Amino acid sequence: QSPRPTAFWIYGTQACEVEVDPETGEIDVVNFAAAHDCGRALNLQTCKQQVEGAAVMGLGHALREELIYIDGYPKNATMVDYKVPTVRDFPVEPSIVFVDAPHREGPYGAKGVGETALTATSSAVGLAVSHAIGCQLTKIPIQGDDVLAALMAKKGGAE
């Protein structure tokens, strides 16, 4: 209800390199890079940690997190069964850079960074996996069975 729905837009991009095992469908993210415009980075280390944390969450969205219902009840409603990624699932040295573009309406020129870092990860991982196996996957989470089914369909279509 306003001609201006937000004070500023946040921009960011990510890319990753994955290894896909064609026998099991297992996916490993081996390299990760991100560039984000957070206005003026007031605390560079905190900004970097925000991107890393959001990217790990996005990795979960892309590769693991899915609620499974049986007869209307969640089968994996606890942290024992609902597997979320940890820092161990993320590349050791991600490459993260920030565009220094202070915004006139942000506090001391700063803008947010976490939201963009989260939303870009699923796309980066999905595109990397699709590129690695040579066919487009269109749903998340991408799991081993999805990779194997896509590879089988690709093989069947080539014959």
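A salt bridge is a side-chain nitrogen of Lys or Arg within 4 Å of a carboxyl oxygen of Asp or Glu. The structure holds four of these salt bridges. It is a predicted model, in which local features need pLDDT of at least 70, side-chain atom pairs count only at pLDDT 80 or more, and totals for chains, interfaces and linings use all residues. Residues are numbered from 1 along each chain as its sequence is written, and side-chain values use heavy atoms, with hydrogens and water left out.

One of the salt bridges joins the side chains of D37 and K111, at 3.0 Å from N to O. D37 lies in strand 2 and K111 in the loop between strand 5 (95-99) and helix 2 (114-133), so the pair ties together parts that are 74 residues apart in sequence. Here helices (H or I, at least four residues) and strands (E, at least two) are DSSP runs, numbered from the N terminus. D37 has 11% relative accessibility and counts as buried; K111, at 12%, is also buried. Buried means under 20% relative accessible area, exposed over 50%, and partly exposed in between (1.4 Å probe, protein chains only).

Another salt bridge links K48 and E52, whose closest N and O atoms are 4.0 Å apart. These two residues are four apart in helix 1 (residues 44-63), so about one helical turn separates them. K48 is partly exposed at 26%, as is E52 at 23%.

Strand 2 (residues 27-37) also pairs with strand 1 (residues 11-20) in the antiparallel sense, over ten bridges. Two strands pair if DSSP finds at least two bridges between them. Within this pairing, E17 stands opposite N31 in strand 2.
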